[in-house]
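Please have the sequence and the structure open while reading.

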Amino acid sequence: MVSEQQGLPLAQMLDLLPDSVVYYQAIRSSDKEIVDFQLVYFNQQLAAMAAGRYEVSLGLRLLGDNKIHEAEIRPLFEQYKDVMAGGKLLEYDYFDPNLQGYFSLRINKLNDGVLVSSRLIDKTASLQIEQQATLLRNVLNGSINGIMAYRSIRNEAGKIVDFELQSANKAAEEMLGQQAGDIVGRTLRELYPEEIEMGLFDWYCQVVESGELKRTQARYHEPFGVRWLDLSANPLDDGVVVTFLDITSSRGAQEQIDNQANLFRTMSQSVPDLGVLVCDRDYRILFANGDLPDIFLPEIGHLIGHTLEETLPAEMAGYVRQNFSDALAGRSRYMNEEIADQYYEVFVGPVNDSEDRTVMAVATLRNITAVKRAHQQLEASVNELKRSNQNLEQFAYVASHDLQEPLRKIQSFGDVLRDRYEEALGDQGADLIRRMQSAAGRMSVLIRDLLMYSRIASYKEAFGQTDLNQVLTEVTDDLEAIITDKKAVIKADPLPIIQGSALQLRQLFQNLLSNSLKFNRANVPPVIEIRTQIRSGSGLVSLPDSDKKANAYAAITVSDNGIGFDPAQAERIFHVFQRLHGRSEYNGTGIGLAIVQKVIENHHGSIQATAVPGEGATFTVVLPCR
């Protein structure tokens, strides 16, 4: 027995073997059947491997002393019985979970027992490496990031001149549109020369030489557009592992957000006198430009990141917060506020996301102090001007009315002097009386015209239905004497009925006809034509769009064959006291056409004058029908 020879050189020799050796002697029942095996020998190699992992001692039975692990021991027990029954050597490899290794096992029959030897084989390391490689490969191929490993290619001086692709995962294949089998083994310069121009090659070299991780974002120009990659480079041995992720969509979205933010920031900071304040749902300031009112606490340098309560005096914080609270609840407000001696036009409203949820509130404050004060000054000036105009109108009326009586007396006394004392005055005295009477007559006409202009300028008569045909008839009746005297011909289309003042419209036609009758050519009977067209507001260029409030307009032209005038004077003739001819040529005060224009203004219409010198003039009057 081996156990009996432990003192012999054979036992020492077995202890020197690299294999573990044990001998189990069969334990039989009364009918000679093997029911267990008992350990009767083991060498030092087995003792060293078992130390601390499981108990090994002489006398241990294979089954009887391994109740806990019987499920694992039972197959080994059956193998030992088979060897004992057949007497053949049994060899196989197995994995020992206790020793965490693969072993080559040999079982031989020896006397009434089995001699078992086992040796640790390299299969353990190779399998572990294979398992790790498989695990790593699965992890890499399961990554959403593209991963490529490069080996450095150096010249004789040791400088990196290129990189050889060692491996690429599935994500890299999909993003690059290339199979790993087609690109592995090829160089960076051959595969991706654009990365040389982009500076990525030098960047990879820095990673290898420095041994430090680097990360960047790179923009690739492709036939179908631009692609953005997020790149990470890690040194590995004498090479680099490049991890990349396509961020084109997110980069585009971020660029759009950044552009919109920059545009908003630029616009809010470029518009004069405009302040912008944005808060989140916690009333924390997200954006604030520099044109806000001077109400924030001076010790708060930068408002962004602070709450409203932290930046505002207590007496104002509650009011401002309430406005922002309304905005965060989806309600907008417009208001005018006086803040720190300045006037502001304020809008506070919600800012919603793509799902129409209110996520922020924004307040815009436009400083209207200058406009407000200018408006106040303008109102004061307008009120003062109204009072002044009322005084002037009253003065003009009173003066014009009251001056008529002294003029009548002057004319009356002149008539007495001429009739009773003409002989005593002589020719020179009579000429003075005549000149005085003429001046008094002109002054009377001037006062009368001024009185009429004042009345029309201040007249507040309510408009009513006015038949322009009736108005024209009354005017031609009043002018019958001069029409007959000059053998004038007046041709008129039927005129419309409009909303207006009959008194003022009579003055309009009387002054236009009088003007045409006055400025006739010598020895040429005046011919005056009055034509009418009903037109829509869209077809009128003489009225600005803001004044086109009627559905229809009457365009009335009054044309004559008189002396006309210089077209350059077309605007001047409507000014008070403006005359294009001397008093010795044509009498008049220069107020008639000014009265015409005032009537047109009162009726929200327009008037234009055109003329050809020596051939005649045309006045185009546009009046709203309703």
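## The model and the chain

This is a predicted model, in which local features need pLDDT of at least 70 and side-chain atom pairs count only at pLDDT 80 or more, while totals for chains, interfaces and linings use all residues. Residues are numbered from 1 along each chain as its sequence is written, and side-chain values use heavy atoms, with hydrogens and water left out.

The chain holds 18 helices and 22 strands, where helices (H or I, at least four residues) and strands (E, at least two) are DSSP runs numbered from the N terminus. Of its 626 residues, 36% count as buried, a term that stands for under 20% relative accessible area, with exposed meaning over 50% and partly exposed in between (1.4 Å probe, protein chains only). Among contacts with a separation of 6 or more, 54% come from residues 24 or more positions apart, contact being defined as heavy atoms within 4.5 Å.

## An open sheet of five strands

Five strands make up an open sheet in the order E17-E19-E20-E22-E21, with mixed pairing; two strands pair if DSSP finds at least two bridges between them. At the edges are strand E17 (489–492) and strand E21 (606–612), each of which pairs on one side only. Neighbouring strands of this sheet are turned by 15 degrees against each other on average, direction ignored.

Strand E17 runs parallel to its partner E19 (residues 527–535), and the two are joined over 4 bridges. Within this pair, Val489 has Val527 of E19 as its bridge partner.

## Helix H17 and its neighbours

Helix H17 (residues 502–518) lies across E19, strand E20 (553–559) and strand E22 (616–624), and runs at about 170 degrees to E22; axes are lines fitted to C-alpha atoms, for helices over the stretch in contact, and angles run from 0 to 180 degrees between N-to-C directions. The 17 residues of H17 reach 24 Å from first C-alpha to last, close to the expected 24 Å, a span calculated as 1.5 Å times one less than the number of residues. The buried residues of H17 include Leu505, Leu508, Phe509, Leu512 and Leu513.

The axes of helix H15 (residues 468–478) and H17 come within 9 Å and cross at roughly 50 degrees. These two helices are therefore oblique to each other, since angles under 35 degrees count as roughly parallel, over 145 as roughly antiparallel, 65 to 115 as roughly perpendicular and the rest as oblique. Their contact involves residues including Leu468, Val471 and Leu472 of H15, and Leu505, Phe509 and Leu513 of H17. On the other hand, H17 and helix H18 (residues 592–602) pack at an angle of about 145 degrees with their axes 9 Å apart, and among the residues that meet are Leu508 and Leu512 in H17 and Val596 and Ile600 in H18.

## A hairpin elsewhere in the chain

Strand E6 (residues 146–154) pairs in the antiparallel sense with strand E7 (residues 160–168) over 7 bridges, and Tyr150 has Leu165 of E7 as its bridge partner. E6 and E7 form a hairpin with 5 residues between them, and Gly158 in the turn has a positive phi of about 90 degrees.

Strand E6 is also paired with strand E10 (residues 239–246), again in the antiparallel sense, over 6 bridges.
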